[in-house]
Amino acid sequence: MQKAQEFNLKEKLKEVFGHNQFRGNQEEIIKNLLAGNHTFVIMPTGAGKSLCYQLPAVLMDGTAIIISPLIALMKNQTDQLVAFGIDARFLNSTLSKSEMTKVKKDVLSSKVKMLYVAPESLTKEDNLEFLKKAQISFVAIDEAHCISEWGHDFRPEYRKIRGIVDSLGKLPIIALTATATPKVQQDVQKNLQMEDANVFASSFHRSNLFYEVKPKKDPKKQLIKFIKQRKGQSGIVYCLSRKTVEEIAELLSVNDIKALPYHAGLEADVRMRNQDAFLNEDADVIVATIAFGMGIDKPDVRFVIHYDAPKSLEGYYQETGRAGRDGLEGHCLMLYDREDIYKLEKFNKDKSVTERDNAKHLLQEITEYAECSVCRVKQLLHYFGEEFKAHNCGQCDNCHHHHKKYEAEDQVILILKAAKLTEQRFGAKHLADVVMGVPNEYVKSYGHDKLEVYGKGLDFPETDWLSLVRHILIFDFLEKDIENYGVLKITEKGEKFLKSSHSITFTKDYDFSAEAEEAEEEQENTPQTSGKAYDEVLFDLLKNLRKRIAKEKNLPPYVVFQDPSIEEMATTYPTTKEELAQVNGVGMGKVQKFGKPFLDAIVKYVEENEIETASDVVIKSAVNKSKVKIFIIQQIDRKVDLEEIAEAKDLSFDELMDEIEHICYSGTKLNLDYYINQVMERDRQEDLYDYFMNSETDNLQVALQELSEDDFTEEEIRLIRIKFLSEVAN
Ligand code: ADP
Ligand code: MG
Ligand code: ZN
């Protein structure tokens, strides 16, 4: 084994990767691996795990084996390394026979520094034979949480890794993951027989991320509104099913958001194309199942939305961790509905009992997280076994809202006593039952109805005991037993509290059934801390305009309009005098004096950017846009004759017109000129167009009547009406 001091690591870092400094504990990790020790790395997504094996691989003799489940990204990853001048290859099922042979040959001639391998390739006999002949420097296991069935991304082949590595000789192992609860960590180490490994765990706190959970009330509208406020920013929307992914991607597209779908059901090349479009910023938003994202290194993802509840908090943290990797802000929004959790539970009903229980517990934790009023960051970090000392992170909805507070000293004592008297062998529900004096079977069979704490909770009629226990856990007075799910044990801190208690305030949790609506309204009114609520481009534009006008009139800018008014204009896009007068701090007087150039600027801006101007977002719905309608829109885009479209979909011409009108009336612009120009002369078109321009109604019957002398056909009238609406209204 090489000695770390042989290398000036920092120099090498600069020389090979161009970085000036190590991040976090990268350097110690690298030294540990170079010294030939087993190394276990827990570092949040984006913190720079890859470097921990890539640099040693370059420095050491032989080839490092990198085991990774991310076949789709292997080419990308090795390409990046090759660009740095490092010989890196991959071995997986996407290679042709001859490519495979070449890779093996080059590895055996000791040219290759890193070989990425999928775990399923590793189990193949001939690959194993080949690896046994190669000079291997060490083995890296990326995304090591895949080993644990307690985690969120279990891959059975991962459990065979240790045996395989052993068959290759005595090699140092470095295992890396971005997500490991204490339980998963234990499981991974055990399975890899790495209990003696040096563990390097970094803090999971990502202070640039804002965490928020909103009741899922009108999700489509919530989604579009959220994204439209972040025009041009990159984001990921996670949905549970492939069907929802398709539906939402389409919904966003019809609402002028550049969005693409990603899920395992798409053809590999489509998937790759969409992923690349997102990475290259041809698409702003990727709508995906959790199949998307592991290993994706896009630094400027500004938001991650969970349109459906995630399946585990671990997965959730990993997924939201893809936001703000560049250290700038990232907004993580979960739309939460208990119904979603029930649905997820139902999906599990065909699984084995253990699997089902496991999945249920993971879901339970989601519910607790979503409904709990404690700082989200505190909750999440607690989940990963890390204590967040501050009371208020300032970066989550719970810290921004005012939840009702209450003094909880006596109740905490009561629960801790109950835990003690029941010998710390029970879970939250049982403890709650005991203090509430619920005489159920369990309570009675253990004789817990005889305990002094039995029924004492009735002195605190306002208390929600399950919620209280949750708080107690997050505040570390009780802890979950790793071995026995659900069993709560008193911590040292809890013992101390029992000996000498002190005042402690907890907050009331959300009542998602009753307060959902209130909460929603409240949230709408809180200023956005992350992601400006207004259109920054327009805001800047209007501010410059204000400066110019103020100069012309020789007035200070604030006399024209004040900043909050300009912010509001950049939020509601007023395009008429009346609308402008509605803006706070404006009024008709000001509109007359200063309004014109501002209105002109907004109108121009709105047109250029195709922005909907209603003060609330108007959602064009894709829901009633059946497959047929989408087909029609696409065909019209390609200028296919209407008769042909009708025939292709087995529609009469009238039926096709119905569909087209429907599309048009729901706000989509259609350009039928290519067809209209074939069937109507220009001046006839213009006459009809003028008619609609001056008519008070677009009613077909009225039009037929009024135009009866000019003998226009119904079809012509309908066509021009669509042209007219598309050009003027949509
Ligand atoms: P993860 O921990 O999620 O696997 P990666 O290894 O993909 O993270 O690294 C995330 C990003 O951080 C990459 O763009 C990488 O180039 C960058 N990075 C890693 N280490 C450093 C460093 N010491 N200095 C600067 N950038 C770094
Ligand atoms: Mg990684
Ligand atoms: Zn907080």
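The model is predicted, so to speak of local features a pLDDT of at least 70 is needed, side-chain atom pairs count only at pLDDT 80 or more, and totals for chains, interfaces and linings use all residues. Residues are numbered from 1 along each chain as its sequence is written, chains are lettered from A and ligands numbered from 1 in the order in which they are written, and side-chain values use heavy atoms, with hydrogens and water left out.

**Whole protein.** Begin with the C-alpha trace, which spans about 95 × 75 × 65 Å along its principal axes. Colouring by secondary structure brings up 35 helices and 17 strands, where helices (H or I, at least four residues) and strands (E, at least two) are DSSP runs numbered from the N terminus. Of the 730 residues, 51% count as buried, meaning under 20% relative accessible area with a 1.4 Å probe and protein chains only.

**Zinc site.** Next select ligand 3, a zinc ion coordinated by the SG atoms of Cys-375, Cys-393, Cys-396 and Cys-399 at 2.3 to 2.4 Å; donors are N, O and S atoms within 2.8 Å of the metal (3.2 Å for Na, K and Ca), and water is not among the atoms, so sites may look incomplete. Along the chain these donors follow the spacing C-x17-C-x2-C-x2-C. The four donor atoms subtend angles of 102 to 120°, which makes the arrangement tetrahedral, a term that requires all angles of four donors to lie between 85 and 135 degrees.

**Two packed helices.** Now select residues 627-637, helix 29, together with residues 653-665, helix 31, which pack at an angle of about 90° with their axes 10 Å apart; axes are lines fitted to C-alpha atoms, for helices over the stretch in contact, and angles run from 0 to 180 degrees between N-to-C directions. The pair is therefore roughly perpendicular, the word used for 65 to 115 degrees. Show the side chains of the contact (heavy atoms within 4.5 Å): helix 29 contributes Val-628, Lys-629, Ile-632, Ile-633 and Ile-636, and helix 31 contributes Leu-656, Glu-659, Ile-660, His-662 and Ile-663.

**Ile-632.** Leaving aside residues up to four places away in sequence, Ile-632 touches Ile-645, Leu-656, Glu-659, Ile-660 and Ile-663.

Technical notes. Four donors count as tetrahedral if all angles lie between 85 and 135 degrees; four count as square planar and six as octahedral if opposite donors are over 155 degrees apart and all others between 65 and 115; anything else is irregular. Angles under 35 degrees count as roughly parallel, over 145 as roughly antiparallel, 65 to 115 as roughly perpendicular and the rest as oblique. Buried means under 20% relative accessible area, exposed over 50%, partly exposed in between (1.4 Å probe, protein chains only).
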